[in-house]
Amino acid sequence: MVFILGFNFPESRLVKSALRSFYGVGPQHTQRLMAKLYIHDTARVGSLADKQVLDLTAELSNMTIENDLRRKVQDNIRRLRDMGAYRGRRHAMGMPVRGQRTRTQTATAGKLNKVERFG
């Protein structure tokens, strides 16, 4: 097991998928991080040297990910709601925010807009 930024990863897991498991780190961030640290695309977490793991942890700690990013998104939505902006009202009602149609097919927006509306 390799310990990266508070998470244990099995040694057989790909570095690419291990990085993507962090909230806020997608495919492009993963590719840039791996290129910056000279890690091959098919490298496994167990095959990384200790220095690479430390460098990877340092890079991830400089980024806004996990709870910090979640808090930032919630604060932005809360700011929109408090301001009384159209987008904030749509978030509060659980309706589509980005101009999707509402005559039919709003079930998906109801599922996705569950970011602490009534708190």
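**Charged side chains and their partners**

Visitor: Which residue forms a salt bridge with Lys-51?
Guide: The partner of Lys-51 is Asp-55, and the closest N and O atoms of this salt bridge are 3.1 Å apart. Please note that this is a predicted model.

Visitor: Where do Lys-51 and Asp-55 lie?
Guide: Both residues belong to helix 3, which covers residues 50-62. Lys-51 and Asp-55 are four residues apart there, about one turn of the helix.

Visitor: Is Lys-51 buried or exposed?
Guide: Lys-51 is exposed, because its relative accessible area of 58% lies over the 50% cut-off.

Visitor: And Asp-55, what is its relative accessible area?
Guide: The value for Asp-55 is 29%, so this residue is partly exposed.

Visitor: How many salt bridges does the structure hold?
Guide: The structure holds five. One of them is the Lys-51 and Asp-55 pair already described.

Visitor: Which side chain meets Arg-70 in a salt bridge?
Guide: Arg-70 meets the side chain of Glu-66, with an N to O distance of 3.4 Å.

Visitor: Is Glu-66 buried or exposed?
Guide: Glu-66 counts as buried, because its relative accessibility of 17% is under the 20% cut-off. Arg-70, by contrast, is partly exposed, with a relative accessible area of 36%.

Visitor: What about Asp-68: with which residue does it form a salt bridge?
Guide: Asp-68 pairs with Arg-71, and the closest N and O atoms are 3.3 Å apart. The two residues are three apart in helix 4 (residues 67-83), which means that about one helical turn separates them.

Visitor: What is the relative accessibility of Asp-68, and what is that of Arg-71?
Guide: Asp-68 is at 45% and counts as partly exposed. Arg-71 is at 47% and also counts as partly exposed.

Visitor: Changing topic to Arg-90: where is it found?
Guide: Arg-90 is found in helix 5, which spans residues 86-93.

Visitor: Which side chain of opposite charge is nearest to Arg-90, and how far away is it?
Guide: The nearest one is Asp-82, at 17 Å. Arg-90 is buried yet has no salt bridge.

Visitor: Then which backbone oxygen lies 3.0 Å from a polar atom of the Arg-90 side chain?
Guide: That oxygen belongs to Pro-96.

Visitor: Leaving aside neighbours within four places in sequence, which residues are in contact with Arg-90?
Guide: With those neighbours set aside, Arg-90 is in contact with Met-95, Pro-96, Val-97 and Thr-102.

Methods
Residues are numbered from 1 along each chain as its sequence is written. This is a predicted model: local features need pLDDT of at least 70, side-chain atom pairs count only at pLDDT 80 or more; totals for chains, interfaces and linings use all residues. Side-chain values use heavy atoms; hydrogens and water are left out. Buried means under 20% relative accessible area, exposed over 50%, partly exposed in between (1.4 Å probe, protein chains only). Lys and Arg count as positive and Asp and Glu as negative; His and the chain ends are not counted. A salt bridge is a side-chain nitrogen of Lys or Arg within 4 Å of a carboxyl oxygen of Asp or Glu. A polar contact is a pair of N or O atoms within 3.5 Å; within protein, one must be able to donate a hydrogen and the other to accept it, and residues adjacent in sequence count only if both atoms are side-chain atoms. Contact means heavy atoms within 4.5 Å.
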